[in-house]
Amino acid sequence: MSSKQNIDDSPIDFAEEIIHDYKNSKDEGVLKCVQCGMCTSTCPAARHSDYNPRDIIERVLDGDKSILNDDLLWNCFYCYTCHSVCPVGNSVCEVNQILKQIAISNEIGYDKLYEYMGFADSYFTAAIGAIPEIFFEDIKKDVPGWWEFRQNLGEIRDELELTPPLMPSKEVIDEVSKILTITGFKEKIEKIRSSQEVSQ
Amino acid sequence: MKNVPDSNILLFRSCLVSVEYPGVESSTKFVFDKLGVDYEISEKQTCCTGLGHYSDVFTQIDTSAIGARNFKIAKNLNRPNLVMMCATCYAINKKSVKLLNKNDDLRNEINGLFEDNGLKHLTYEKNDLLPTENIFHVVDILYGKKDEIEKNIKYDLSEYKIATHHGCHYCKVHYEDTIAGFRDPNILDELVEACGCKTIGWYDHKRATCGTGFRQRYSNPDLSFTATADKMNALDEEDVEILIHLCPNCHIQFDRYQHLISKRENKNYKAIHLNIAQFIAIVMGGDFNKVIGVKSHTVPIDSIIKELKEVK
């Protein structure tokens, strides 16, 4: 059975869901798409993979929710090139981000988030944004001298006379953790973490 | 051009600048001090959520609630002008201010959460900050001081072949606020010119992404490095020696991975990578170790800039 909608059952309710998302800054832009393909012709992911932003909007307007399971969705660079050139004021880049949030809220695509749990932990427990440590081995391998530099970071920062220190105070950390608890962030991260443990 | 402030500034700390290129922060402070810009850094301000936001781990509510807290810090310090060293922080904060002002449901939801949980002091009132009037990137402030920059030049870097890379999240996200073009971006070229140098101007892929793509670099490196190679090859064909940046994400992609992409492409890229604040700080006489922070760079700065020539 096709997940596509027919013109006589609510063909734009998927698009309407996107229009009403907090992330959407383009009002009804998605409905104005004329399928000109400017987005695809300027997209770095389309240039180097099968990702196709024009096709994403076509599927959204078709009400094709199978797109939420499409791995290609995760190839977007979030470079906003499509957003900056669209002749009718749509933003596939934002639509892509909204589709991913809809997917995640339906527990789809959790596996794409596992590698970034280190960022969530660092922000929640130390109020610091950081490259997740899971990637350090790759960076050490790919970037000569990077690990040695990181070992000397404190000394280099001292030489540059940079203040305040990198680590926030306990008061700041507590406030940030509280915010991320009441927004539902903590609960979501725990849910993703449980799914990761089951998958291993 | 929009009005650009030079006072009541909160210089917004960036997680990537802090741990990858701390010299960008010291250079920005050095240049701001020379130009008489009034700014402060707050130890209470936290990261914009950047990599978490764009790896889809943070929702808009999470990011804008963290944003509201940072905006309150700026207001309480009577420094409502947020100035970012990172393009990601710039785009994320500007979007949160726009949403918190325009979207009553989002603002009420966040304020409701604050009020119900003992965080009433963080409540965001509509138009507490304004996206165009209060949210800036360092390049905007420097652009407003172009004439002052010209008066402070000590060293002549005009003999080098210089190109610019304009970060997508400065140019393309809130393009209505981008100074000196977003389809043909030129703010960095004009700032380099204020230092008495010429850039090569337009080149193939000039407005293209650095290739970082947030999750792409870490989870999909082949796609990421292939996109970066487009740009590195274009710069190599132009024989570029210095590439000027405005975002630490792009800076990492080019400086840290130039060696690796060089090998993948069977080329011998030679460009060094400087943030515009570092470039201006060099021209103004900043010390390479104490201000520019050259020790954090992967492609050695002295592989290109071997000695400095005073302006005549």
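**Note on chain B of a predicted model**

1. Val83(B) stands opposite Phe136(B) in E4(B). The setting is a parallel pair: strand E3 (residues 81–84) of chain B and E4(B) are joined over three bridges. Two strands pair if DSSP finds at least two bridges between them. Helices (H or I, at least four residues) and strands (E, at least two) are DSSP runs, numbered from the N terminus.

2. Basis of the note. This is a predicted model, in which local features need pLDDT of at least 70 and side-chain atom pairs count only at pLDDT 80 or more, while totals for chains, interfaces and linings use all residues. Residues are numbered from 1 along each chain as its sequence is written, and chains are lettered from A and ligands numbered from 1 in the order in which they are written.

3. The sheet. Four strands of chain B form an open sheet with parallel pairing, in the order E2-E1-E3-E4. Strand E2 (39–40) and strand E4 (135–137) of chain B are the edges; each has a single partner strand, so one side of each lacks a neighbour in the sheet.

4. Overall fold. Chain B has 16 helices and nine strands. Its radius of gyration (over C-alpha atoms) is 19 Å, close to the 20 Å from the globule rule for 312 residues, so chain B is as compact as a globular protein of that length. That rule is 2.2 Å times the number of residues to the power 0.38. The C-alpha trace of chain B spans about 60 × 45 × 35 Å along its principal axes.

5. Burial. Of the 312 residues in chain B, 59% are buried, meaning that 20 or more other C-beta atoms, placed from the backbone, lie within 10 Å of the residue's own.

6. Domains. Chain B splits into domain 1 (9–137) and domain 2 (147–310), with bounds from an automatic or database domain assignment. Their centres, taken over C-alpha atoms, are 25 Å apart. In chain B, 26 residues of domain 1 are in contact with 29 residues of domain 2; contact requires C-beta atoms, placed from the backbone, within 7 Å. H2(B) gives the most to the domain 1 side, with 10 residues.

7. Chain contact. Chain B brings 64 residues and chain A 55 residues. On the chain B side, helix H4 (residues 60–76) gives the most, with six residues. That side divides into 27 nonpolar, 25 polar and 12 charged residues. Here Ala, Val, Leu, Ile, Met, Phe, Trp, Tyr, Cys and Pro count as nonpolar, Asp, Glu, Lys and Arg as charged, and the others, Gly among them, as polar.

Note on methods. Contact = placed C-beta atoms within 7 Å. Buried ≥ 20, exposed ≤ 12 C-beta atoms within 10 Å, placed from the backbone.
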